[in-house]
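I opened this model to look up a handful of local features. The entries below follow the order in which I went through them.

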Amino acid sequence: MKISTKGRYALRMLVDLAEHNNGTYIPLKEIAERQDISKKYLEQIIIIFNKSNILRTNRGAQGGYMLARSPEKYSVGEILRLTEGDLSPVECMVGDASTCSRSADCPTLPVWQGLSKVVNEYLDGITLKDIVDQHRANSVIDYVI
């Protein structure tokens with residue numbers, strides 16, 4: 001499994017919104033500048049999120065985006081599934097594994113099922129809040145005189 005640029009940038013954009021979550025709408029231009037991502041690219045990602053309950057949008061002079069829920073209510077798995085689709089490691093795991101003609105007698109199917117379980121549980125266990133908290137903890141500069 002390889003996460004695309006779209007998935008990585010979508011996660012960075014939502015982490016940025018979580019990190020700067022102060023109850024105001026944040027212009028896409030500011031996110032693009034902070035994350036060093038093209039505003040045009042972020043506009044393509046926003047389209048994906050507009051179809052879900054991920055963001056709130058406000059147009060006009062005070063326009064921009066904010067998270068629709070609190071940061072601890074977003075899992076990395078949810079975000080990546082929206083941008084990447086199914087996170088299954090092999091094609092025969094997408095949807096119903098029984099659609100594969102070999103699934104009843106496939107010796108490797110348990111391997112792929114186990115990998116899928118580990119990946120999904122791991123990504124579903126990390127929230128935007130977790131990422132922001134970890135980033136803030138790692139960014140603390142301790143001055144000793």
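The entries start with conventions and then go element by element.

**Conventions.** I am working on a predicted model, in which local features need pLDDT of at least 70, side-chain atom pairs count only at pLDDT 80 or more, and totals for chains, interfaces and linings use all residues. Residues are numbered from 1 along each chain as its sequence is written, and side-chain values use heavy atoms, with hydrogens and water left out.

**Helix α2.** I took helices (H or I, at least four residues) and strands (E, at least two) as DSSP runs, numbered from the N terminus. I call a residue buried under 20% relative accessible area, exposed over 50% and partly exposed in between, with a 1.4 Å probe and protein chains only. In α2, residues 28-35, I found Leu28, Ile31, Ala32 and Gln35 buried. Viewed down the axis of α2, these buried residues fall within an arc of 100 degrees, so they line one face of the helix. The arc is taken from the directions from the helix axis to the C-beta atoms. Lys29 and Glu33, on the other side of α2, are exposed.

What covers the buried residues of α2? I noted that the cover includes α1 (5-19), α3 (39-50) and β2 (64-67).

**The loops on either side of α2.** With a relative accessible area of 70%, Asp36 is exposed.

Gly23 sits in the loop between α1 and α2. I count Gly23 as exposed because its relative accessibility is 55%. From Gly23 to Met66 I have 43 residues in sequence and 7.6 Å in space, C-alpha to C-alpha.

I then looked up the strands, where two strands pair if DSSP finds at least two bridges between them. Strand β1 (residues 55-58) pairs with β2 in the antiparallel sense, over four bridges. For Arg56, the bridge partner in β2 is Met66. β1 and β2 form a hairpin with five residues between them. In the turn, Gly60 has a positive phi of about 105 degrees.

**Rings.** How many aromatic pairs does a search of the whole structure find? The search returned one. I used the rings of Phe, Tyr and Trp (its six-membered ring), paired if their centres lie within 6.5 Å; planes under 30 degrees apart count as stacked, over 60 as edge-to-face and the rest as tilted. The pair is Tyr9 and Tyr41, with ring centres 5.2 Å apart and planes at 70 degrees, so it is edge-to-face. It links distant parts of the chain, with Tyr9 in helix α1 and Tyr41 in helix α3, 32 residues apart. Tyr41 counts as partly exposed, at 27% relative accessibility.

I also checked for a charge over a ring, meaning NZ of Lys or CZ of Arg within 6 Å of the ring centre and within 35 degrees of the ring normal. The charged end of Arg69 sits over the ring of Tyr74, 4.2 Å from its centre.

**Ser75.** Ser75 is in the loop between β2 and α4. Is Ser75 buried or exposed? I get a relative accessible area of 13%, so Ser75 is buried. A polar atom of its side chain lies 3.0 Å from the backbone nitrogen of Glu78. For contact I used heavy atoms within 4.5 Å. Leaving aside neighbours within four places in sequence, Ser75 is in contact with Leu123, Asp124, Ile126 and Thr127.

**Thr83.** Thr83 lies in helix α4, residues 76-84. At 9% relative accessibility I count Thr83 as buried. Beyond its neighbours within four places in sequence, Thr83 is in contact with Lys6, Gly7, Ala10, Ile48 and Phe49.

**Ser88.** I placed Ser88 in the loop between α4 and α5 (109-124). Ser88 has a relative accessible area of 16% and is therefore buried. A polar contact is a pair of N or O atoms within 3.5 Å; within protein, one must be able to donate a hydrogen and the other to accept it, and residues adjacent in sequence count only if both atoms are side-chain atoms. The side chain of Ser88 makes one with the side chain of Asp86, at 2.3 Å. The Ser88 side chain also reaches the backbone oxygen of Met93 at 3.4 Å. Not counting residues up to four places away in sequence, Ser88 touches Met93, Val94 and Ser116.
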